[in-house]
Amino acid sequence: MTGALSRVFPIATVVAAIMVVWYGFTVYLNSPWQIEQYEKAGIEWQMGDLVRDTMAHDRPILPAPHQIVTEIWKTTVEKKITSKRSLIFHGGVTLSSTLLGFAMGTILGIGLAVSIVENRAMDKSLMPWIITSQTIPILAIAPMIIVVLNAVGLSGLLPKAMISTYLSFFPVVVGMVKGLRSPDLMLMDLMHTYKASRWQVLWKLRLPASVPFLFASMKVAIAISLVGAIVGELPTGAVAGLGARLLAGSYYGQTIQIWSALISAACMAAILVAIVGVVSHFTLKRMGLRA
Amino acid sequence: MASKTGEDMVIDAKKLCLTFDANDGPVHALKDVDLGIEKGDFVSFIGPSGCGKTTLLRVIADLEHPTLGSITVNGMTPEQARLERAYGYVFQAPALLAWRTIERNVGLPLEIMGLSAVEKAERVARTLDLVGLDGFGRKFPWQLSGGMQQRASIARALAFDADLLLMDEPFGALDEIVRDHLNEQLLELWRKTGKTICFVTHSIPEAVYLSNKIVVMSPRPGRVTDIIESDLPTDRPLDIRESKKFLDIAQRVRNGLRDGHSYE
């Protein structure tokens, strides 16, 4: 099997299998309510009717894949981008928060990692706190962050981005610390024989050696940044964004709306991680590291 | 051999001792080492593993610090010599930065020293030519074979024209054919440049072939058992390794190793 086909075929097979199972569960989970409807109306029903009708509920327990696709189509292509019901608008809100949070988290992570590696005091004092920060459930902290920042006058994009930052800086710090410490002793001795200053060792040896570690961390960081953005949208009363759509859907029992927002978020995460992967591949290739 | 004053010696060690404190007692890596190396010498250090030859080289390079005794390099302490960039060091592995091309790897010490781009380019081209790697400057280390990577490492050590070259088993990981070739090239380099070379090896033929002075060391504690002055002609083809004189010197080395209980 040739290149592109050999990459697509396994994924397509898995997706097809998931679809089959999904449709099966759609019928299975929606049939109790459907059968109740039949009995109330006194209709005789066949298996074929059941299968067809369970996939056409307005508020199903589990929407069928084609229902979700139709909903996504309706709210993206058939709506104006500026409309408050457009999934593209909401996706854009979440995306902007994700990207800003990811950028800030990466910069913060790199900065912390460098200071941990270069300064023994920072190493001993910071690392425990950084790890502790991640043990607090984000759903508990997110409303606090938003409320506090609103009180200081920061509202809108920045507080949500800060929740993303909070989640995404951690993998970057951990990965970069490992990466900055990765050059082996021989290379450190080499720099010593050249009378290289600490800054020269950092810039010429440690930072380039840490690039593969950075990209691995960034893949995790961008996915978790998206989670942070969605969580950040929930406490503000669900105004805009994919998280808001999720919440609104659950308020009004619109399960198809919930699922369409969910699938959109998942697709967005997959695309973002893939983009980081492509950038990683080309950068490492240019740096002569066989990746 | 007429004894010279300390200032004329490139390396002058007197009663040098280095003891490591390990969990299960002290490790005497070096004990009472007396050594004098003159300008233009090619000195081989030979012995089994654990005899302290790499440690001695590292002390000269200021990568380790002696616990007793004295050592001067070019009349200064090893630290001063390091800060003056008096030597080039070649490790057992090529130790090239994987993300830099060969050119930029060889130019690394020059970058750290802050030389101009023009001078860097000229020196890099010159040293790559010297080791036979011209045309490979733009390649990455993974594109080169082990022998070529090691040659690039040697080119890097030569780049800033230090008069002293410290080499720690540089050809140890290479096969014999490449090794012979590189031995010839190294000898040629020594003849051309007249540098002082300290070469650590555990191969007796290599030590006898390359050097004009062989320091035989033995372990537990690490010490010098014998210093052999070799009077083989400077212009040596590889065939000299079958000559009687060569074999006599090799036998002397082997005896020195046996006396130092290296074979037990």
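Tutor: Two strands pair if DSSP finds at least two bridges between them. Strands (E, at least two residues) and helices (H or I, at least four) are DSSP runs, numbered from the N terminus. This is a predicted model, where local features need pLDDT of at least 70, side-chain atom pairs count only at pLDDT 80 or more, and totals for chains, interfaces and linings use all residues. Residues are numbered from 1 along each chain as its sequence is written, while chains are lettered from A and ligands numbered from 1 in the order in which they are written.

Student: What makes β1 (residues 9-22) and β4 of chain B a pair?
Tutor: DSSP has to find at least two bridges, and β1(B) and β4(B) share five, in the antiparallel sense. In one of the bridges, Cys17(B) has Leu68(B) in β4(B) as its partner.

Student: Why is one side of β2 (25-38) of chain B left without a neighbour in the sheet?
Tutor: The open sheet has the order β2-β1-β4 (chain B), with antiparallel pairing. β2 and β4 of chain B stand at the edges with a single partner strand each, so one side of each has no neighbour in the sheet.

Student: Why does Asn74(B) count as buried?
Tutor: Buried means that 20 or more other C-beta atoms, placed from the backbone, lie within 10 Å of the residue's own; exposed means 12 or fewer, and partly exposed is in between. Asn74(B) has 21 such neighbours, so Asn74(B) is buried.

Student: And what does Arg220(B) count as?
Tutor: Arg220(B) has 16 C-beta neighbours inside 10 Å, so Arg220(B) is partly exposed. A cis peptide bond joins Arg220(B) to Pro221(B).
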